[in-house]
Amino acid sequence: MASRGTVKASGNFNASADAEVLYKAMKGLGTDEDAILQLLTARSNAQRQEIQTAYKTLFGKDLIGDLKGELGGKFETLIVALMTPPLTYEVTSLRNAIKGAGTDEKVLVEILASRTAQQVKNIVATYRQEYDDDLEEDISGDTSGHFKRLLVILLQANRQKGIQEGKVDEDAQVLFKAGEQKFGTDEQTFVTILGNRSAEHLRKVFDAYMKLSGYEMEESIKRETSGGLRDLLLAVVKCARSVPAYFAETLYYSMKGLGTDDNTLIRVMVSRSEVDMLDIRTEFRRMFACSLHSMIMGDCGGDYRKALLLLCGGDDA
């Protein structure tokens, strides 16, 4: 599958030359932030890892340590995220979400609802490797109820494959009976069906559900559930429909209104820059009255904005 990312590997790549550029940018008084952000956004993550090795080989210093020492604020967070291998980045994000004061449910929801089964398996394995802990145990210890149950199901990374023709209408009816047709809601039914069926099967179920009930699946979930479970079910449904559309919406709401959720903005822009940022931009333009580029322009400033715009990779006015 061709990458739909905006960030591509650089053609005539020389890790040592890049390391030299970064060293010069940080040497002496003042820092050339522009040189740093122009270079790093024009290299793939794999190439950034080679630059890190070359930097230590040439100068006997740690590149990430030096960047942290020279940069600050959101710009620093963004640059360090770009320098981190994708799996390590996801695992660290999850660890911080669980181990911080209170649980950052938003991070658990976003990562576990949107990643492929293989990616989730890799995340679980890397988490064990990095922290010598079991991700499922850590998440279970930090969450509760049906929210916890659905997270555990997603961690199994065991979704069925393909479309089970005979089950589409049955699933739609079971969901209708579990929610709209019932006083109170049978959350377990939603959790089991939405957590276990394939994306293409679920898209057919959503169509059948709409015909049967007159409601979009999302409308029913909003009415029938609340809190973390509601957020997670909605994310699962949206990702079954379209992962790029889910991320377009996530980016939009990270910047809409007062204040910016910079952690979400950075996490999505970095983690999707080599995956599907082009599709996210297309969906963003389709769903909202502006382009992703113009929203970042209006919402962020300085080097932080410059770097985000380079990851965005263009305007869709």
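On a 1 Å grid over the protein atoms alone, a pocket is an open set of points where a 1.4 Å probe fits, with protein on both sides within 12 Å along at least five of seven lines, and its lining residues have an atom within 4 Å of a point. The model is predicted, so local features need pLDDT of at least 70 and side-chain atom pairs count only at pLDDT 80 or more, while totals for chains, interfaces and linings use all residues. Residues are numbered from 1 along each chain as its sequence is written, and side-chain values use heavy atoms, with hydrogens and water left out.

The largest pocket is lined by 35 residues, with Arg115, Thr116, Ala117, Arg159 and Ala199 nearest its centre. Several helices (DSSP runs of H or I, at least four residues, numbered from the N terminus) give two or more residues to this lining, among them H7 (105-114), H8 (117-131) and H13 (199-213).

Now for helix H20, residues 302-312: Tyr304, Ala307, Leu308, Leu309, Leu311 and Cys312 are buried there, buried being under 20% relative accessible area, exposed over 50% and partly exposed in between (1.4 Å probe, protein chains only). The buried residues of H20 pack against helices H2, H5, H17, H18 and H19, with contact taken as heavy atoms within 4.5 Å. Just past H20, Gly313 has a positive phi of about 80°.

As for disulfides (pairs of cysteine sulfur atoms within 2.5 Å), the count is zero. Cys239 has its nearest cysteine sulfur, that of Cys312, 20 Å away. Cys290 sits 11 Å, sulfur to sulfur, from its closest partner, again Cys312, which is too far for a bond.
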